[in-house]
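Thanks for coming, everyone. Let me put the structure on the screen, and then we will walk through it piece by piece.

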Amino acid sequence: MKKKKMIYEGKAKQIFSTDQDDQVIVHFKDDATAFDGQKKGQIAEKGKINNKISNFFFKLLEEKGIKTHLIEELNERDSLVKKVDIIPLEVVMRNVAAGSLAKRIGMEEGEPLQQPVIEFYYKDDDLGDPLINVSHIELLGLAGREELERLIALGHKINDILVKFLKERNVDLVDFKLEFGKTAEGEIILADEITPDTCRFWDSETKEKLDKDRFRRDLGNVEEAYHEMYKRITGQDWK
């Protein structure tokens, strides 16, 4: 598949058009950002690791009946995916109090939640991707009631699958972000990525952070954390 014009560039990925109108190529970068782009840097080989981890998770979810945008991995940094219209909502699943949730409702970070919490954030860089509720979503016309119910159901199903998978690998899935898109036929499918950039992964015993929080909070050993998550997820050492 030939990579053509770049049609979008985000904080961690670039999107390129292809010879097929309904397919695009995702290129994973080593760039790392935090705090709405206020902190910037690079994590060595992050793009390669995230490409493979995300594709591993998407294939796992496909086996469990979750439709995704993934078609095939083209090389270390590039994947061919279905072209979708991204729904401008970040769907965040939370299993443990951490980050903004812990600060917002006064829970101690690391305290398990009695049940998974789902949150929606409006994808708008100018507004800082604010937390919004169902009424806001309907007011802005971002998604209809049936579509929201679908997103909620998919979020919980994906969470159940990943929590179980990772627990068997001694990893707690603290929280993570999902994005969904609509195909030309109007079907909602999982898009974007599932990686240490978009998830909080903690070692189940030591609670050591194995994700981008190590970059975000200046904890050090960032590359090593990504390598460790690759090993736990795939069962193979990072080359």
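**A sheet and the helix on it**

E72 stands opposite L80 in β7. That is our way in. Before going on, two housekeeping points. This is a predicted model, where local features need pLDDT of at least 70, side-chain atom pairs count only at pLDDT 80 or more, and totals for chains, interfaces and linings use all residues. Residues are numbered from 1 along each chain as its sequence is written, and side-chain values use heavy atoms, with hydrogens and water left out.

Element names next. Helices (H or I, at least four residues) and strands (E, at least two) are DSSP runs, numbered from the N terminus. Two strands pair if DSSP finds at least two bridges between them.

Back to the strands. L70 stands opposite V81 in β7. Strand β7 covers residues 78-82, and three bridges join β6 to β7. The two run antiparallel. They form a hairpin, with four residues between them.

In what order do the five strands of the open sheet come? The order is β1-β2-β3-β7-β6, with antiparallel pairing. At the edges sit β1 (6-9) and β6 (70-73), and each pairs on one side only. From one strand to the next, the twist averages 25 degrees.

What packs on this sheet? Helix α1 does, touching β3 (23-28), β6 and β7. Contact here means heavy atoms within 4.5 Å. The direction of α1 makes about 135 degrees with that of β6. For such angles, axes are lines fitted to C-alpha atoms, for helices over the stretch in contact, and angles run from 0 to 180 degrees between N-to-C directions.

**Two partners for α1**

Stay with α1. It has two helix partners to look at.

Take α6 to begin with. Helix α1 spans residues 46-63 and helix α6 spans residues 222-234. They pack at an angle of about 25 degrees, with axes 10 Å apart. The two are therefore roughly parallel to each other. The cut-offs: angles under 35 degrees count as roughly parallel, over 145 as roughly antiparallel, 65 to 115 as roughly perpendicular and the rest as oblique. The crossing of α1 and α6 is left-handed. That means the near helix is turned anticlockwise from the far one by less than a right angle; clockwise would be right-handed.

Which residues make the contact of α1 with α6? On α1, they are K46, I49, N50, K52, I53, F56 and F57. On α6, they are Y226, H227, M229, Y230, I233 and T234. By class, this contact has eight nonpolar, three polar and two charged residues. The classes: Ala, Val, Leu, Ile, Met, Phe, Trp, Tyr, Cys and Pro count as nonpolar, Asp, Glu, Lys and Arg as charged, and the others, Gly among them, as polar.

Now α4, residues 145-167. The axes of α1 and α4 come within 11 Å and cross at roughly 115 degrees. This crossing is right-handed. From α1, the contact uses F56, F57, L60 and L61. From α4, it uses I158, I161, L162, F165 and L166. The contact of α1 with α4 has nine nonpolar residues, no polar and no charged ones.

**Single residues worth a look**

K167 is found in helix α4. At 48% relative accessibility, K167 counts as partly exposed. The scale: buried means under 20% relative accessible area, exposed over 50%, partly exposed in between (1.4 Å probe, protein chains only). Leaving aside neighbours within four places in sequence, K167 is in contact with D172 and S204. K167 and D203 are 36 residues apart along the chain, and their C-alpha atoms are separated by 9.3 Å.

Is V91 buried or exposed? V91 is buried, with a relative accessible area of 0%. Its place is in strand β9 (residues 89-96). Not counting residues up to four places away in sequence, V91 touches I118, E119, F120, F176, K177, L178 and F180.

Last, backbone angles. Most residues other than glycine have a negative phi. E45 has a positive phi of about 65 degrees, although it is not a glycine. E45 lies in the loop between β5 (39-42) and α1, and is partly exposed at 29% relative accessible area. K207 also has a positive phi, near 65 degrees. Its place is the loop between β14 (199-203) and α5 (213-216).
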